[in-house]
Amino acid sequence: MTYREALNLALREEMRRDPRVFVMGEEVGLYEGAYKVTQGLLKEFGEKRIIDTPICESGFTGVGVGAAMLGLRPVVEMMTFNFSILALDQIVNSAAKLCYMSGGQYNIPLVVRGPGGPASQLAAQHSQSMETYFYHVPGLKVVRPSTPADAKGLLKSSIRDENPVIFIESETLYAIKGEVPEDPDYLIPLGQAAIRREGTDVTVIAYMGMLYRALEVAEELAQDGISIEIVDPRTLRPMDTETIVGSVRKTHRCVVIEAGAGFAGMGSEIAAEVQEEAFDDLDAPVARITGENAPMPYARNLELLKTPSKAKIAAAIRKVCA
Amino acid sequence: MAQTKVALPTARLDTELARRLLTQMQLIRRFEEKAAEMYAMGKIGGFLHLYIGQEAVAVGATSVTRPDDYAVSSYREHGHCLAKGSDPKRIMAELFGRIDGLSKGKGGSMHLFDKSVNFLGGHGIVGAHLPLAAGAGFGIKYQGGDQVVLCYFGDGAVPEGEFHESLNLAALWKLPVIFICENNRYAMGTAIHRALAQTEIWRFAETYGIHGEAVDGMDVLAIRECVGRAVERARRDKVPALIEARTYRFRGHSMRDPAGAVYRTKEEVEREKLRDPIVMFGERCVKDGALTDADLKLIEKAVFDQVDEAVAFAEASPEPAPEELFTDVYKD
């Protein structure tokens, strides 16, 4: 099953299970989703529960928040997460804070989902890592599912969660295939990392496209006798620090890869956590391999320079292990 | 679609209704006068935006709704929350930042929420609660209910994109939301003609093909009549409306602008105070024979006592325990 089909299945199963769940966003119904994640949903669930919106991200995200206050469980699609900046106030100031500001009277079980991260030659406004904007905010949960099975298990957990969840998929992963459990109650708890490859020399932390690049690098470096353990955080907030630190305690080295610009990025946070929790276990400084601190260029040659290449990742790992 | 001139009802005012409306307006007035005192004494911190002068809008509008209808407002929301039926003691405790406040002291003056009376909150970002109101309207329809939503906001929210996004969505999807713009003529210190190309706010309804109407926001009975019709239509036909209640804020924008004197003249403020909604309605009640001068005094006395009780309750309530910093960030 593809990653896209896994998401579609998760939505169908949760909508069949709970009549309070509905999907709202631009082109989710008649057009069946700009990336076809909602294909066939209008036919199965009708216009009451699959709602095409006009282009007004702040407006329809706010509608999701208001509906959640009345006990519904909205899944709001961002056609791409780049557009979520227009809804940032509703996500950061409304969805994330109403539970706290109301002393727990109104929790917001809202999922905001859609693709994000680097795509292919879409230039600066349509190709960027958006998780940074959200994982800083107490009250939000942030998920980045890297495999088809995770796409299903994590989306279902997100929909059943009582809090606002930012669920960022990837255009570049929609077509990948993998085993996906058919169990309609297949859930992956939020806040639980996965060890994607076991190793003994260095812990590499990566997710989404960077995870697959890291897996290829690990295969190559294995031939040179470097044994790499790869941890996929899956949920960025809450972060499964225990699994990450546990792995570092075993390997004594840590490399964090992220596609987004490095300044104050996910790598900075993980590096800080690791040195706070496991400084004495480290045999080398934690290394960050991040996207360059420039907007995403259109030109293919420049675009390739912007995100961490396999060569760059391999070089950094070799350096840490030297 | 057209602006309707509303003639005051000629029928004699019902005594119980008169008493209820006047009591609520007086309660809001006294509550806020006291809150201003407490602010000056340092018992209340942060921002405190007073509603004084605008009481007829919240009281008139709420009086034509049912308890299970919803209301949502901006950060100038003490009046709407009180009108909806919240306990003044718990609101005052919230202003004091105490554990018995509506939100355990974590929201404060700008963020009053009371689920027990369907008050969906005080929201601090101008215009941001209008989509929430549309969402509540959406939720009502989705659940097959027949409630309506009253959404209060100031003229300052009208230039915001979310005003237009929300009116469009509510009109497009036929949502039972009454958008009540309390036009007090100043967005903080910016006069309406300096902020809006179209200062007849009710006319924005035409753009979205919904009912729009302006009403004297100082006349509680006129508001009842106007909002009453909109509520009835919304309940029956699931349609929104935009009502512009023309009112005036007697105090400044917040306690940090106590006189509100830089951007408007003293003469203007004094002139508007002659149209005090509470004084005007009290006179009307007496003239109509619905209430006597003695009744008015009794109402005032009762409200003073109630507000004093609220202050005593707030004073006695403990501060939230340190652990409360971390509760309600997430719901389990």
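Two residues are in contact if their C-beta atoms, placed from the backbone, lie within 7 Å. All views show a predicted model.

**View 1. Domain 1 and domain 2 of chain A meet through 20 residues of domain 1 and 21 residues of domain 2.** The domain assignment of chain A places domain 1 at 3-169 and domain 2 at 194-321. Taken over C-alpha atoms, the centres of domain 1 and domain 2 of chain A are separated by 27 Å. On the side of domain 1 of chain A that touches domain 2 of chain A, the elements giving two or more residues are α6 (123-126), α7 (132-135), β5 (141-143) and α8 (148-160) of chain A. β5(A) provides the largest share of that side, 3 residues. By class, the side of domain 1 of chain A that touches domain 2 of chain A holds 9 nonpolar, 7 polar and 4 charged residues.

**View 2. Chain A and chain B are in contact through 31 residues of chain A and 35 residues of chain B.** On the side of chain A that touches chain B, α3 (57-69), α4 (88-95) and α5 (98-101) of chain A each supply at least two residues. The most comes from α3(A), with 9 residues. Sorted by class, the side of chain A that touches chain B has 14 nonpolar, 15 polar and 2 charged residues.

**View 3. Strand β4 (residues 111-115) of chain A is largely enclosed by the rest of the structure, because 5 of its 5 residues are buried.** In a regular strand the side chains alternate between the two faces of the sheet. In β4(A), Val111(A), Arg113(A) and Pro115(A) point one way, while Val112(A) and Gly114(A) point the other way. The residues on both sides of β4(A) are buried, Arg113(A) among them.

**View 4. β4(A) pairs in the parallel sense with strand β3 (residues 73-77) of chain A and with strand β6 (residues 165-169) of chain A.** Strands of a sheet pair through backbone hydrogen bonds, either parallel or antiparallel. Between β3(A) and β4(A) there are 3 bridges. One of the residues involved is Val75(A), whose bridge partner in β4(A) is Val111(A). Between β4(A) and β6(A) there are 5 bridges. Here Gly114(A) has Ile168(A) as its bridge partner in β6(A). Val111(A) and Gly114(A) point opposite ways from β4(A), and both are buried.

**View 5. An open sheet of 5 strands in chain A has the order β7-β9-β8-β11-β12, with mixed pairing.** β7 (194-197) and β12 (287-291) of chain A are the edge strands, each pairing on one side only. On average, neighbouring strands of this sheet are turned by 25° against each other, direction ignored. Within the sheet, strand β8 (residues 202-205) of chain A and strand β11 (residues 254-261) of chain A are parallel and share 3 bridges. Thr203(A) has Cys254(A) as its bridge partner in β11(A).

**View 6. Helices α9 (residues 209-222) and α13 (residues 310-321) of chain A lie across strands of this sheet.** α9(A) lies across β7, β8, β9 (228-232) and β11 of chain A. The helix α9(A) runs at about 170° to β9(A). α13(A) lies across β8, β9, β11 and β12 of chain A. The helix α13(A) runs at about 170° to β12(A).

**View 7. Chain A, shown whole, has 13 helices and 12 strands.** Along its principal axes, the C-alpha trace of chain A spans about 60 × 45 × 40 Å. Of the 322 residues in chain A, 57% are buried. Among contacts in chain A with a separation of 6 or more, 78% are between residues 24 or more positions apart.

View 8. A compact globule of 332 residues would have a radius of gyration near 20 Å, and the 19 Å of chain B agrees. Buried residues make up 54% of the 332 residues of chain B. Of the contacts in chain B between residues at least 6 apart in sequence, 76% join residues at least 24 apart.

Key: Residues numbered from 1 in each chain as written. Chains lettered and ligands numbered in written order. Predicted model: local features only at pLDDT ≥ 70, side-chain atom pairs only at ≥ 80, totals over all residues. Domains from an automatic or database assignment. Helix = DSSP H or I, 4+ residues; strand = E, 2+ residues; numbered from the N terminus. Nonpolar A, V, L, I, M, F, W, Y, C, P; charged D, E, K, R; others polar. Pairing = 2+ DSSP bridges. Axes fitted to C-alpha atoms, helices over the stretch in contact; angles between N-to-C directions. Buried ≥ 20, exposed ≤ 12 C-beta atoms within 10 Å, placed from the backbone. Rg over C-alpha atoms; globule rule 2.2 N^0.38 Å.
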